[in-house]
Amino acid sequence: MAFTPGTPCWFDVTAPDIGATAEFYRGLFGWTAQDMGAEAGHYTRLSLEGAQVAGIVTALADDGSVKPAIWLPYFAVEEVAATTAAAVADGGAVFLEPREAFGELEFAILTDPDGAPYGITRLHTAPGTERWGQYDNPCWIEYGAVRAPADALAHYGRVLGWKYGNAAWETATENPYQAISLDAGHEFGGAHRATTGEPAPFWGTTIRVADADKVAARAIELGGSVIQEPQDLPGPSRVGVIADQAGAVFGIMAVG
């Protein structure tokens with residue numbers, strides 16, 4: 001599928017043991033893994049029924065240190081270098097300089113002015129996340145802000161062209177929840193003020209599931225943990241937060 005610039009189009013999860021993480025997600029969602037080889041740092045693509053979903057990247061740095069296990073969203077852009085320059089001019093920073101990957105795409109990893117990492121990419125021949133919004137695929141991104149969510153999202157409005165505003169169900173007047181879109185009625189994410197003890201600023205990835213309670217229970221069986229038990233939220237949806245066996249946190253959402 002073709003991705004409109006600004007929309008989420010790919011996801012990575014970092015892992016200290018790529019094989020163990022691939023096995024966790026195979027057991028949880030039925031994803032299959034393809035190791036891209038030593039020359040690619042054993043970057044591993046995850047797919048469902050032949051359609052690409054996400055990737056696993058090693059958490060082991062060249063200096064022997066271990067990076068945190070996290071999920072990272074990537075947003076489609078028309079020009080990686082130009083978007084990187086615009087992000088830096090707006091107070092962001094570069095974590096990983098623009099580069100080519102597999103001859104299929106160009107990407108960079110940036111941080112916003114508050115320090116939250118996010119990726120940008122121009123897909124050449126790579127398909128990206130092919131079944132966004134479908135079962136056992138990413139369906140939502142969520143930002144935990146350290147200040148008013150609308151203020152934190154201003155960077156993304158200027159750099160990626162996002163629109164954001166109070167969610168339709170929001171009644172709070174202080175730090176109201178923000179729904180994110182490129183045009184009204186097609187939200188792909190949201191932003192909330194982080195609570196005490198919650199990692200922030202931070203981008204979270206949510207996977208659509210048929211039964212959030214069953215997936216949460218299965219995650220525990222596979223060596224993961226439940227950070228937040230599934231609960232009913234406006235939408236209607238039932239949403240929980242779990243962590244894989246290495247500690248990478250992600251959301252699960254059953255809709256309707």
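In this predicted model, Arg-208 sits over the face of Tyr-135, 4.4 Å from the ring centre. Arg-45 does likewise with another ring: it lies over the face of Phe-102, at 5.0 Å from the ring centre.

Arg-208 also belongs to strand 13, which spans residues 202-208. Trp-203 is in that strand too. Trp-203 pairs edge-to-face with Tyr-156, at 5.4 Å centre to centre and 90 degrees between the planes. The pair links distant parts of the chain, since Tyr-156 lies in helix 3 (residues 149-160), 47 residues from Trp-203. Both residues are buried. They belong to one aromatic cluster, together with Phe-75, Tyr-118, Tyr-143, Trp-162 and Phe-188.

Across the whole structure, a search finds 22 aromatic pairs. Phe-24 and Tyr-25 form one of them, edge-to-face, with 5.0 Å between centres and 85 degrees between planes. Phe-24 and Tyr-25 are both buried.

Eight strands make an open sheet with mixed pairing, in the order 2-3-4-1-5-8-7-6. From one strand to the next, the twist averages 25 degrees. Strand 2 runs antiparallel to strand 3 (residues 44-48), and four bridges join them. Here Ala-33 stands opposite Leu-46 of strand 3.

Which strands does helix 1 touch? Helix 1 (residues 18-29) packs on the sheet and touches strand 1 (8-15), strand 2, strand 3, strand 4 (51-58) and strand 5 (71-76). The direction of helix 1 makes about 150 degrees with that of strand 4.

Technical notes:
Residues are numbered from 1 along each chain as its sequence is written. This is a predicted model: local features need pLDDT of at least 70, side-chain atom pairs count only at pLDDT 80 or more; totals for chains, interfaces and linings use all residues. Side-chain values use heavy atoms; hydrogens and water are left out. Two strands pair if DSSP finds at least two bridges between them. Helices (H or I, at least four residues) and strands (E, at least two) are DSSP runs, numbered from the N terminus. Axes are lines fitted to C-alpha atoms, for helices over the stretch in contact, and angles run from 0 to 180 degrees between N-to-C directions. Contact means heavy atoms within 4.5 Å. Rings of Phe, Tyr and Trp (its six-membered ring) pair if their centres lie within 6.5 Å; planes under 30 degrees apart count as stacked, over 60 as edge-to-face and the rest as tilted. Buried means under 20% relative accessible area, exposed over 50%, partly exposed in between (1.4 Å probe, protein chains only). A charge sits over a ring if NZ of Lys or CZ of Arg is within 6 Å of the ring centre and within 35 degrees of the ring normal.
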